[in-house]
Structure formats: C-alpha cells, structure tokens
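Trainee: I'd like to learn how to read aromatic rings in a protein model. Could you walk me through it?

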Amino acid sequence: MSGRLAQFNAPHANMPSGWQPQWNIAPGKPLLILRKTAGQMECASVLWNLTPGWLKDLSRATFSARAEYLHEKPMFRQAFAQRRCLIPVDGYFLWLQQGQRKQPWYLRRKEGGLALAGLWERYQLDDGQYWDSCALITVPAKGLASRLSDRMPVALNAGEQAIWLAEHTAVSALQPLLLNADSRIEMTYPVSTAVSNPATQGPHCCSPAGPAQTLN
C-alpha cells in the first residue's frame, strides 16, 4: 500500500498560505486536498491521518481506507456519505519486497498528475479550535501497480471526480465507481532507498534509480 505521496505542483489557483512543494509526504504530515465548499472547489491543507470528531484515542487514526468497507466501518461511514474529497498528487510510492529489503518505486502518469479519492473529517476541540484530516482510499491493485503491491490508491478521471464530489450522488453508486476505476498509472520506476526515510525531501525523491516500466 502507498504510504507516501508527492505534491510538488500547485493543484489549484488559490493555494493555502505557506504551502511548499513536497516530494515525500508521509502519514501524519500535512497534505493538500480538494473539496467542494458552498458549491466551490476549495484547496485545503489537512493532516494525513483521519480523525473523526468522535474519536477519543487518536492513536487509532488511519491514513488509508479500503473501498470495500467504507459503507460499514464506523471510522469511514459518515465521511463516505458526506465528506468526500480529492487528493491531488504528482505521483505516489509503492514498496516492492526483494528478499530482506524493500525497494521503493515511484508511480505516475507520463504527463500531468493524479486525483486520488479521499475522505476528510473535522476534529473540534472544546475551546473551539479544530483541525481537518483525511485518508486516501485503496482498492485491489491493477496494471503496473499490481506488479509491486496488492493494494493501490484510487485515481479518478474527470468524469469520476465530478460524480465523487457531487452532493447528490447516491452512496450506493460510489463503491462501484471506486472499484471499477482504472489505475491511470502509465509509468513506474525504482527510486533511491533514501525515500524510505520520511525526512528525505527534494526532487531526487522522484528521480529514476533504474529502468522504467511503462504501459505497452
């Protein structure tokens, strides 16, 4: 499963103040999401670790959610119905087990970024302060991603994005949308094992360290 994302190209005209490009985002760190607010698309910086407002033990927060169980798991059920978002990325990382070591691979389109399906929540404190958080949604891996892992994030095309964000979309239609979405990954290649350290940042995180694999 992908536990790292790259967001180094601004995905929206109105970016949150203080945003900086990130090439190796780990769970628990801030990342950008796109969500509908009062009918308008908003770009917001949130914590990548979903914390519903009712959650008492914050150590139970999770950065990913399996599409197969969104409608039944209390952690995701309400956000699935009411607080869906997109996580815009330039690409994401998967780790391939090779003997005693894990080799990171970077997955991307040949041109342009990806819009990953996500859920967001708001955690309200007693003093009125709050923070927003999110989780990305995963499905069984397809295409190039299936060579590296058994799970992958859900990447949506433009039509699927509109359906995913629309308030009127029936919840019953959302799970098939997620499970039937194409991989949209067109290229993958190994990168430096330094990426395994979440403190490693910079464009070199996404630079090839070996031959690329592409769709035929």
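Predicted model: local features only at pLDDT ≥ 70, side-chain atom pairs only at ≥ 80, totals over all residues.

Trainee: How many aromatic pairs does a search of the whole structure find?

Mentor: Seven. A pair of aromatic rings is described by the distance of the centres and the angle of the planes. Take Phe80 and Trp164: their centres are 6.2 Å apart with 40 degrees between the planes, a tilted pair. Phe80 belongs to helix α1 and Trp164 to helix α2, so the pair ties together parts 84 residues apart in sequence.

Trainee: Are Phe80 and Trp164 buried or exposed?

Mentor: Both are buried. Now try Tyr106 and Tyr189: with centres 5.9 Å apart and planes at 55 degrees, the pair is tilted, too. Tyr106 is in strand β8 and Tyr189 in strand β12, so this pair ties together parts 83 residues apart in sequence. Tyr106 and Tyr189 are buried as well.

Trainee: Which residues do ring pairs link into a cluster?

Mentor: Phe93, Trp95, Tyr106 and Tyr189.

Trainee: And what sits over the ring of Trp120?

Mentor: The charged end of Arg35, 4.2 Å from the ring centre. Likewise, Lys73 lies over the face of Tyr69, at 5.7 Å from the ring centre.

Trainee: Where does Arg35 stand?

Mentor: Opposite Glu42 in β4. Strands β3 (residues 30-37) and β4 (residues 40-48) pair in the antiparallel sense, over eight bridges. Their hairpin has two residues between the strands, and Ala38 takes a positive phi near 50 degrees there.

Methods: Residues numbered from 1 in each chain as written. Heavy atoms only, no water. Pairing = 2+ DSSP bridges. Helix = DSSP H or I, 4+ residues; strand = E, 2+ residues; numbered from the N terminus. Phe/Tyr/Trp six-rings, centres within 6.5 Å; stacked < 30°, edge-to-face > 60°. Buried < 20%, exposed > 50% of the residue type's maximum accessible area, 1.4 Å probe, protein only. Lys NZ or Arg CZ within 6 Å of the ring centre and 35° of its normal.
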